[in-house]
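My notes follow the order in which I looked things up.

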Amino acid sequence: MTRRFNSGYIEVIAGPMFSGKSEELLRRIRRARIAHQRVQVFKPAIDIRYAGNAVASHDGRQTESVAVHNSAEIRQLLDPAAEVVAIDEVQFLDEGIVPLVRELADRGIRVVIAGLDMDFRAEPFGAMDQLLAIAESVDKLTAVCVKCSAPATRTQRLVNGQPARYDDPVVLVGAAESYEARCRICHQVRRSGESRAEV
Ligand code: ADP
Ligand code: ZN
């Protein structure tokens, strides 16, 4: 987004896995730095893809970030001179992130946040529904469906190669888990009790 508000504002970059949210966040961070703005980058400690202290995209680009366990830690670790605050994987943070980003924007800060809009069940993920509502700017990105190559809006969770069940726990001990980008038609969620599904 190139247009600037006179006040602070909230930008959300949403979409499924592989839709380029981290790439887009990194692009906006890079541009803000070119504009000599002070940028602070956070991400939940839960996302350990590539590096503990970096926001990384699937194409290998990355920038240094502060790993936090909750929204209160962002508040504590906030650089008072930050003009831009970027947060990746924001769906993993608690609901306290909503009043916090409001407060930052009220203070004149540009807040850029990226996250999954939906979980593997295609339901709103964490506080993303509220963040999407309060943002000045929302970009929903799509990936490429691995099944039919249509634009993918959803994240398919696979457990041992099968679509995950609706009530499968977030952590499945001893199971091989993977995620794919899929469109609405190709996305599958097994109902609990359903033993087999076409993948
Ligand atoms: P996100 O943060 O949304 O998970 P990333 O920015 O990390 O996305 O990665 C996006 C990159 O992932 C794309 O530029 C592309 O190189 C790669 N990629 C791998 N699989 C897919 C897919 N199914 N659809 C689109 N991009 C994909
Ligand atoms: Zn498809």
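I began with the shell around ligand 1, to which helix H1 (21-34) and strand S9 each supply at least two residues. H1 gives the largest share, three residues. I note that the model is a predicted one.

I then listed the 15 residues around ligand 1 and found that Lys21, Ser22, Glu23, His58 and Val144 come nearest. By class, I sorted the shell into seven nonpolar, five polar and three charged residues.

Next I looked up polar contacts to oxygen atoms of ligand 1. I found a polar side-chain atom of Glu23 at 2.5 Å from one such oxygen atom. From the backbone, I noted a polar atom of Gly20 at 3.0 Å and an N or O atom of Ser19 at 3.1 Å. The protein covers 74% of the 570 Å² of accessible area that ligand 1 has on its own.

I turned to the zinc ion (ligand 2). Its protein donors are the SG atoms of Cys145, Cys148, Cys183 and Cys186, at 2.3 to 2.4 Å. I recorded their spacing in sequence as C-x2-C-x34-C-x2-C. I call the arrangement tetrahedral because the four donor atoms subtend angles of 102 to 118 degrees around the zinc ion.

Methods. Residues numbered from 1 in each chain as written. Chains lettered and ligands numbered in written order. Predicted model: local features only at pLDDT ≥ 70, side-chain atom pairs only at ≥ 80, totals over all residues. Heavy atoms only, no water. Donors = N, O, S within 2.8 Å, 3.2 Å for Na, K, Ca; no water. Tetrahedral: all angles 85-135°; square planar, octahedral: opposite > 155°, others 65-115°. Near = heavy atom within 4 Å. Polar contact = N/O pair within 3.5 Å; in protein donor to acceptor, adjacent residues only side chain to side chain. Areas by Shrake-Rupley, 256 points an atom, 1.4 Å probe, with all protein chains shown as cover. Helix = DSSP H or I, 4+ residues; strand = E, 2+ residues; numbered from the N terminus. Nonpolar A, V, L, I, M, F, W, Y, C, P; charged D, E, K, R; others polar.
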